[in-house]
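Please look through the structure shown here before reading the points that follow. They are grouped by topic.

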Amino acid sequence: MAERGVDRFAVRVLEQVGARLWGSPPRLMAPIVDRLGGARALGWFARNMPRYERTLRVLGPLRTHLVCGLISLHNGCRYCSYGHLYAAELVYLKERGKLFPLDARTVPEWIGLPPAELRRRMVDVLRDADLHSEMLWVDTALGLATGAQRPVDAQEARVAHLVSMFRVLNDVGIAAAVEPDAAHDPLNKDERLTAHHRELRATAA
């Protein structure tokens with residue numbers, strides 16, 4: 001009985017944190033608590049989220065979301081790949097004033113692709129988006145995610161942490177078949193930006 005009370009408390013806390021960050025409670029929180037238990041789930045987020053937030057500041061939101069989306073695609077998680085690639089779309093629209101070439105709604109088509117094909121597609125997207133400096137991070141993310149390389153500097157160590165962190169998030173998202181919800185970024189709360197994005201996507205369809 002006490003454990004169930006802790007679990008309910010943990011879900012409430014984690015959903016409230018997610019709602020403050022992104023404007024709505026993330027659907028992944030209850031499945032994570034189911035998997036880890038309330039106390040372990042709270043501890044896991046307490047250990048990982050501050051480092052994730054620092055990575056957002058150091059690498060920037062666009063690069064971080066692209067890396068998280070790519071790792072999640074490699075791992076086969078529709079929930080996380082959508083949430084981070086949609087976030088990348090919003091960041092790109094805010095910064096560049098135009099649509100990102102990849103529509104996050106198409107990510108199910110990319111799940112299950114071998115790393116070489118995943119790399120080719122993402123590099124093509126980044127080239128079309130005039131984000132040539134991000135291409136190197138595709139190789140870094142996939143190399144660390146597949147175990148083909150180890151981090152050699154502080155920035156790669158940040159990506160290695162994302163690989164480790166998203167292994168847990170992706171495993172839960174896949175096992176619980178969690179449906180995508182929103183962009184995993186504070187820009188999700190920008191109603192004007194998200195409405196503009198919807199209008200542009202509707203026009204481009």
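In this predicted model, Cys77 is buried, because its relative accessibility is 0% and buried means under 20%.

**Cysteines**

- The number of disulfides in the structure is 0.
- Cys77 takes part in no disulfide. The cysteine sulfur nearest to that of Cys77 belongs to Cys80 and lies 3.8 Å away.
- In general, a disulfide is a covalent bond that links the sulfur atoms of two cysteines.

**Nonpolar core**

- The largest nonpolar core is made up of 65 residues. Phe100 and Leu169 have the most contacts inside this core.
- Eight helices are named as suppliers of at least two core residues each: α1 (2-22), α2 (29-36), α3 (38-59), α4, α5 (78-96), α6 (115-128), α7 (135-146) and α8 (154-175).
- Helix α5 gives the largest share of the core, with 11 residues.
- Which residues does Leu169 contact, leaving aside its neighbours within four places in sequence? They are Leu28, Ile32, Trp44, Phe45 and Cys80.
- In soluble globular proteins, nonpolar side chains tend to be buried together.

**Arg63**

- Arg63 sits in helix α4, which covers residues 61-75.
- Is Arg63 buried or exposed? Arg63 counts as buried, because its relative accessibility is 18% and the limit for buried is under 20%.
- The side chain of Arg63 is joined to the side chain of Glu134 by a polar contact of 2.8 Å.
- When neighbours within four places in sequence are left aside, Arg63 is in contact with Ser133, Glu134 and Trp137.

**Ser133**

- Ser133, one of the residues in contact with Arg63, is found in the loop between α6 and α7.
- Ser133 has a relative accessible area of 52%. Exposed means over 50%, so Ser133 is exposed.
- Ser133 and Pro114 are 19 residues apart along the chain, and their C-alpha atoms are separated by 23 Å.

Note on methods:
Residues numbered from 1 in each chain as written. Predicted model: local features only at pLDDT ≥ 70, side-chain atom pairs only at ≥ 80, totals over all residues. Heavy atoms only, no water. Disulfide = S-S within 2.5 Å. Buried < 20%, exposed > 50% of the residue type's maximum accessible area, 1.4 Å probe, protein only. Helix = DSSP H or I, 4+ residues; strand = E, 2+ residues; numbered from the N terminus. Polar contact = N/O pair within 3.5 Å; in protein donor to acceptor, adjacent residues only side chain to side chain. Contact = heavy atoms within 4.5 Å. Core = buried A, V, L, I, M, F, W, Y, C linked by side-chain atoms within 4.5 Å.
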